[in-house]
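Take a look at the structure first, and then read on.

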Amino acid sequence: QTLTSDSLTYSYDSVKVYSKTPLSTNKQITDTAKATFTFPVFKDAKLNALVQENALVSDNPDASAYVSYQDYATGFIREFDNFKKDNADTHHTWFKDVDIEVLPQHKNYLGLKYSFVEYVGGAHQNSGVTYKNYTVNPLQLIKLSDLIQDGKQKELTAIAEQIFRKSEKISASKSLSEDYFFDKGVFVLNDNFTITNKGLMFLYNSYEIKAYAYGRTELLIPYTAIKHILKPNSIVPVQ
């Protein structure tokens, strides 16, 4: 099904690759490794290339360099097949699911949400969400400095910390080094944010500022709280 928005038309497609290596010699166990990529397809080839390029980036410096969704999915299955050659008695079901979602748009704005979850054995699966924000014309990555007035980053961080402490139900004087992973206990905003109709929403993934058991942390900074430090005529929907 083709979906339409104010400025862009796209449809969703997917790539799925299954391993042919049996998970077990027990024929009643038919499960095996799987890699799936679900992604939007736009009419603009350059935009499709950009969306794909973001999906192929890895934080692991030792990770292989892939050139397409198909290549990445096949590479994941290849790693599983190689692992099984030396670990035939290990019956963990590997999987990798990557989902790229087009977020609700407003004038000259394209937001993308990259979600992934994978399991390659161990105590638990790994997952994460990354946001990417672009102007449509010209197609250009939006940085936080494009939205906030020059010299106002510290004020933004101070406002964000107040909201964070209120959301986490901790006092203004309590150290953040006790239960959080902020360096030296100093609150910081990361670069993982999306532009919503209500405010800037920052996301901290598992392990980033808290233990794995606490999952991801979302922090919404309403435009009403930062209206005075927003750049005029920026891409945010509220001025």
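Six residues of the lining of the largest pocket come from β6, which gives the most to it. This is a predicted model, in which local features need pLDDT of at least 70, side-chain atom pairs count only at pLDDT 80 or more, and totals for chains, interfaces and linings use all residues. Residues are numbered from 1 along each chain as its sequence is written, and side-chain values use heavy atoms, with hydrogens and water left out.

The two pockets compare in the table. A pocket here is an open set of points on a 1 Å grid over the protein atoms alone, where a 1.4 Å probe fits, with protein on both sides within 12 Å along at least five of seven lines; lining residues have an atom within 4 Å of a point.

Two or more lining residues come from each of α1 (45-55), α2 (69-86), β4 (95-102), β5 (109-119) and β6 (126-135). Helices (H or I, at least four residues) and strands (E, at least two) are DSSP runs, numbered from the N terminus. Residues that line the second largest pocket include Leu103, His106, Lys113, Tyr131 and Met201.

Now for α1. Leu47, Leu50, Val51, Asn54 and Ala55 are its buried residues, where buried means under 20% relative accessible area and exposed over 50%, with a 1.4 Å probe and protein chains only. Seen down the axis of α1, these buried residues fall within an arc of 140 degrees, so they line one face of the helix. The face turned away from that buried side carries the exposed residues Ala45, Lys46 and Glu53. At the N-terminal end, Asp44 caps α1, with a side-chain oxygen 2.8 Å from the backbone nitrogen of Lys46.

Finally, where does Asn205 lie? Asn205 is in the loop between β9 (199-204) and β10 (217-222). Asn205 counts as buried because its relative accessibility is 15%. Its side chain reaches the backbone nitrogen of Val129 at 2.8 Å, a polar contact being a pair of N or O atoms within 3.5 Å.

How values were computed. A polar contact is a pair of N or O atoms within 3.5 Å; within protein, one must be able to donate a hydrogen and the other to accept it, and residues adjacent in sequence count only if both atoms are side-chain atoms. The arc is that of the directions from the helix axis to the C-beta atoms.
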